Amino acid sequence: MTALLTLEGITKTYPGVIANADISFQIQPGEIHALLGENGAGKSTLVKTIYGLVRPDRGSMRLNGAPFAPSEPRAARAAGVAMVFQHFSLFEALSVAENVGLGMESPPPMRDLAQRIRDVSQTYGLPLDPGRRVGDLSAGERQRVEIVRCLLQDPRLLIMDEPTSVLTPQEAEVLFATLRKLSAEGAAILYISHKLDEIRALCEAATILRGGRVVGQCDPRETSAADLAERMVGTQITASQARPSALGAALLTVTDLSLLPATQFGTALRQISLEVRAGEILGIGGVAGNGQDELLGALSGERLSALGTVTLGGQDLSRAGPDARRRAGLLAAPEERLGHAAAPDMSLTENAALTGVSRKGLARRGFLRWGAARSFAQEVIDRFDVRTPGAGATARSLSGGNLQKFVIGREVLQAPRVLVVNQPTWGVDAAAAAAIRQALMDLAAGGAGVVVISQDLDELLAVSDRFTALNEGRLSPPRPASEMTVDRIGLMLGGAGDLEPAHV
Amino acid sequence: MDLSVISPTLLIASLMVAATPILLAAIGEMVVEKAGVLNLGVEGMMIMGAVMGFIAAHETGGVWLGFAAAALAGAVMALLFGVLTQFLLSNQVATGLALTLFGLGLSALLGQGYVGIKVDSLARLDMGVLSDLPFVGRVVFSHDPMVYVSLALCLGVWAFLRFSRAGLILRAVGESHDAAHALGYNVRRVRLLAIAFGGACAGLGGAYLSLVRVPQWTDGMTAGAGWIALAIVVFASWRAERVLIGAYLFGGIAVLQLNLQTAGARIPVEVLSAAPYLMTILVLVLISRRAGRAGQAPADLGKPFHPAS
Amino acid sequence: MIALERRVAPSRAWQAIAPLLAVLLTMFAGGIMFAALGTDPFEAIRTIFWDPIFGEFAWYFRGQLLIKAGPLILIAVGLAMGFRAGIWNIGAEGQYIMGAICGAAAGLAFYPSESALIFPMMIAFGALGGFAWAMIPALLRIRFGTNEILVSLMLVYVAENVLASAAVSWLRNPDAVGFPGSRNLSRWDAAANPELIAGTGAHWGVLLAVLVVVAAQIFLTRHLMGFHIRLTGAAPLAAAFAGVRPARLVVFCLGLAGALAGLAGLFEVTGPAGQISIDFASGYGFTAIIVAFLGRLNPIGILLAGMLMALTYVGGDNVATNLGLPIAAISAFQGMLLFFLLALDVLANFRLRRSIGRRQAVTSGASPSRSVEDAPLGGAAE
C-alpha cells in the first residue's frame, strides 16, 4: 500500500538554529500518527512545512506517491491537507461561518455554508452556531470551529497541533471520538503533542523528535510512557523534591472579587474567594481563556478591585497598584514572558529594575541606581543558572526557558510574602521547568505563600498542596491535592466542582 | 444678523458639496483601517491630489483627466507609505506624519506656478424631471457628477465589505494578520491594495477641492480636511454608512458657519472658522465616551506585520 | 534575492549611521528634485548646506542658525518624551502659538511698566499657555480615551484662529492705526528677549534649549520616570506590570511638551518675531516632529538634528533668494529627509540577508514577498 505522506530528508535551518535536520517518516492512510517532542524539538516547523507555511532548505515530500511541495497553505489545502492550529488562526470579530469560509478554497454562499456547518457539526458531535461571533466562544468551541473548517474540505490528512491544551479531559474524550471516527472513514491524522498518555490512548504510530532530528519511531500503544518520555527528553529528569508541609497563618485573602473584562473578548471574574497560607502552594487549574490572565492582573495590581477584596496579612491592597503591592510583599509573574513580564528590547539590568525597584532599593530620590540594578540582575543570573552573555543582553536574546528562569528568579529573590505565577513553565524545556518548580517549592518551604496558575495538570498535581480550578471566571472550592484524581479535576475544570458534596 | 439670508435649500445643497471631499477621503481611509493599517498621511495625499488634479486639468483642459491624475497621485503617495510600513516595517504613525509633511511641501512646490489661475469646473448634471422637482430637485438631483461618484463609492465600499469574499478577506487581515497569514492569505498584498485605494480616494477628495469646491489652487488648501476625514472614520466606528453620516454632518457645520459669516452674525469670524474643528473634537469625545477605549476598531489596527512573527 | 531578518538586539551602529545616510540620500534625491526644477543641483545643495556655515556671509547666517534651532530643539525634546512613550502629540504648533499669545498678553497687560519682573512673568505665562493647551488632549485622553493625535491637531487650527483674533482685535497695538499685530515686544526693554552675545543669535530660548537637552538626557537615562517613559514605549504591558500609571505619563509628557512649546513661542514672540501677528505661526511645531525623529528621540541627537534642520531653513531661504527656488521646496526636502530616515531605520532592527541559493527539492518559485516569511522570530520555537 502506498503511504499517504512520505517525508524524505526534510531540513530547515534558521541562523543559529537547526529546526529540522534530515527528517524522514511516513504516514499511512487512515492512520493516527503522533509527532512527539518537547518544546523546541522542531514539531511546529515540520508541520508548517507540510502545510506550506515554511519551505524546507532541503528534502522532499510525496503525497500519495506524487511529489508534494506546497508553496502556500492554499496549495496544501487543495491537495487535501488541513490543519488545526494551536494559536492564531481565528478572527474574533467575525462570525463562525465567516471564519469557516475564510479557511476554505471555494466556499459556498454564506447561507448554504451555515447549513453545511450545522450538518457537519451534528455528524461529528461538535455543536456550533454558525451565526455567533467567535470572540464570544469558549476555547473548546473555538477549536470546534477550526475542526469543522477542516472537515468541510474532506481532508485526506488532518494536522492537529496540541489540540487538547485548550480542553478539559472530558472535552478531550469527545475530540478523540471525533478523530477515531475520521480515521475510520479513511482520513489520516498527524497528531502533535507532548502529552504521553493521550498519545498512547489515541495514536497507532509515533515519530519522536528531539533537537530537530528523528530520534525514534514506535507504536505508542506498545511502548511505556517512561520509555517515550526518556526518548523525548533525552535524559532522565529528576523529580522535584518533596517538602514538609507545615502550614502557617493565612497570608493572602481574596474575598468576593468580581471584575469586568478589560478587553472586548476578555473573561469576567465572578466572586472569586481564596486564601493562601504561609508555606503552601495553591494550584489553580483551568482551560485557557477562563480568567487566568484576569486573575493574575487582579492580584498583581494591574487591575484594581473593590475595597476589601484583596488583603495581604490584614492589609487591604485592593486599591493599591503593582508597586505598592510589591512593597507589601505580594509579587507576581505573568504568563507572557516577552512583552509582559519583561520588555523584549531592554537589557536584563533594565528588566531587573522593572519589578525590583522598591524591594531591592534600586532607586534613590527618584533616580535609579544602575549599578545596584546590574548587581541584582547578575545575582538572578547566577542563582538561577540563566544562560546569557551577561546582564547587558536583551531579554529577547534569551531562549524561552532561560528568560522564564530570569523572570521567576527576579521575583523569588525579592523574598516575596506571596508570589503568584501564571503558566510558570509554559514553552520551557524540561530541565528549566524542573528548576522553576523546585524554586517555587523552596520558596513555599521557606514560609512564603505561592499561587501557581497553570494549564498543565501534571505540574499542578506535582507542586500544589491544595487544588482549585477556574471556569468562566469562577473559582471552585479548593481541595487538598492528595484527594485529586484526573476525573475529579476534569469535573472541576468543567465547572462542576460544586456538584460534589462539600466536605472541606 | 439676518438669518433669512440663509436658505435651507441652498444650505443642504451646498452641504453635500462641502462634505464630498471629506467623504471621499474618509471612505478610502476606512478601507485602509479595515485592513489594519493606520495611515495618518491623508492630508498629504489629499493635497497632492488637489495640486496634481489641478495641474492636469489645467494643462489638458479636461476636468476628468484632472481627477484621474489626482487619484493616481494619491495612490502613488500612499504606496510610498505602503512600501515603508509594509516592507520596511517603519512606524505607521511616524510614516503617516512624514507623508503629510512631505505632501504639503511638495504640493506647494509643484503648484507654485498655478496659484490664482482658474480652471473649468464640473458642470452640474441636469437630470431632467428629477432636477426640476421642487426642493428635492435642487437639493439632491442637481449636483456635479463627483457628488454622485462619492455616494456610489460609499455604497460600493459598504457592499464590498459586507457581501464580497475579497471584502471578508480584507476584514480578516485587519482583525488578525497572524491568523490570515496562517491560512495562507497574502497580508501584505491585501494591505498594499487597500493603502493604494485609500490614497486614490484621498487624491480624488483633494482634487474635488481644487477643481470643484474652490475651484483654484492655493498652498495648504486642504486646511485639515484630511485630519477631519481621519476623525470621521473614528466617529463612524469603521462603518461605511456612518462615514456618510459623519461627513455630511461635518459638511453641514462647515456650510452653516460660512453662511453665518456671510449673514453677518454677531459672532467673531475666528470663532466661526474654528467651529468645525471644535465640533470635531466634541464629536470625538462623545464617541470615545460611548465606545470605550477600543471601540469597534479592527483588532490589528496600526500593528506592524512581520510574517515570521 | 534579499530577505529581512530580525536582529536579536537593535544595532547601535546602524542607529547612529542611519541619520547621516538619510541626509546623504536626501541631498541626492533633493539634487534630482532641484535639477528637475531647472536649478543647478550642486549649487543648490552647496547653498543650503555649506554657505550658511562657511560661505561669504556666514557671520550673519551662523546667528540665524541658532535662532532657528532654538525653538526646534526646545519643542522636539518635549515631543520626543511623548513619542517614546507612544503618546502622539502632534499639535505642538498650537501649543507654541498659545504660549506666545499668553506670554505676550500677560506682559502687555502691564505696558509700559519697566519692572524687571515682567519678563520672568511672561516666561511663566508662556509655559503655562502651552501647558494648558496641551492639557486639553491630555485630559480628554485619560478621561474619555479620546485620540490625542486628532485632538491635538484640531487644536492647532483653533489656535491659529485665536492668533488671528488676537492680532486683529484684542492684542492689536492701539497706537498703530489700521495695522494688525501687537506692540513690538522686542523693542520694549522689560519684555525683550535680546541676543545675549551679539552676532551669535543666542537668546534666552537658545540657552534654555541647551539646558533642556542636558536635563532631558539625564532624566531619560537616570530617573525612574524617564525609565518608565522608555518602558512604556518599548513594552506597554510590561510597563503596566511594573506599575506605570499611563494617565500620569500622558499628563506629564503632553504637559512637558506643551510647556516647552509654549516657552519656544514666548521666546520667539519677544525676540526674533517681536510681536504677535497673523503670520506668527511658522511651522516650527511641525518641523520639530521631524527633528525629534531625526534625533532618534534622543535629546543629544535632537540637538544635532535641530542644528541640521535649522541649516535647511537658513539655506532654504538663501536658495529662494539667490536661485529663485520656491520656499516650499525646503519643506518637501525636509519631508524627504524623514522618509529616508524611516526607511533606513529598518536596518537597525533587521539585517539584510541574501537567501541561500535555490532550493533543490522545492521547485515552486519564490516570490519576493514570501522569502521574508522564512526568517525566524523565536526561530524554531514552537
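This is a predicted model: local features need pLDDT of at least 70, side-chain atom pairs count only at pLDDT 80 or more; totals for chains, interfaces and linings use all residues.

A: Strand S1 of chain A covers residues 5-14, and strand S4 of chain A covers residues 58-63. The two run antiparallel and are joined over 5 bridges. For one of the residue pairs, look at A:Thr6: its bridge partner in S4(A) is A:Arg62. Strands of a sheet pair through backbone hydrogen bonds, either parallel or antiparallel.

Now widen the view. S1 and S4 belong to an open sheet of 4 strands in chain A. The order is S2-S1-S4-S5, and the pairing is antiparallel. At the edges sit strand S2 (17-27) and strand S5 (66-67) of chain A. Each edge strand pairs on one side only.

Next, the whole chain. Chain A holds 16 helices and 23 strands. Its radius of gyration is 24 Å, close to the 23 Å from the globule rule for 504 residues, so chain A is as compact as a globular protein of that length. The C-alpha trace of chain A spans about 70 × 50 × 40 Å along its principal axes. Of the 504 residues, 53% count as buried. Among contacts in chain A with a separation of 6 or more, 68% join residues 24 or more positions apart.

Last, the neighbour. The contact between the chains takes 19 residues from chain A and 13 residues from chain B. On the chain A side, helix H2 (73-78) and helix H3 (96-102) are the elements that give two or more residues. H3(A) gives the most, with 3 residues. This side of chain A divides into 9 nonpolar, 6 polar and 4 charged residues.

Conventions. Residues are numbered from 1 along each chain as its sequence is written. Chains are lettered from A and ligands numbered from 1 in the order in which they are written. Two strands pair if DSSP finds at least two bridges between them. Two residues are in contact if their C-beta atoms, placed from the backbone, lie within 7 Å. Ala, Val, Leu, Ile, Met, Phe, Trp, Tyr, Cys and Pro count as nonpolar, Asp, Glu, Lys and Arg as charged, and the others, Gly among them, as polar. The radius of gyration is taken over C-alpha atoms; the globule rule is 2.2 Å times the number of residues to the power 0.38. A residue is buried if 20 or more other C-beta atoms lie within 10 Å of its own, exposed if 12 or fewer, and partly exposed in between; C-beta atoms are placed from the backbone.
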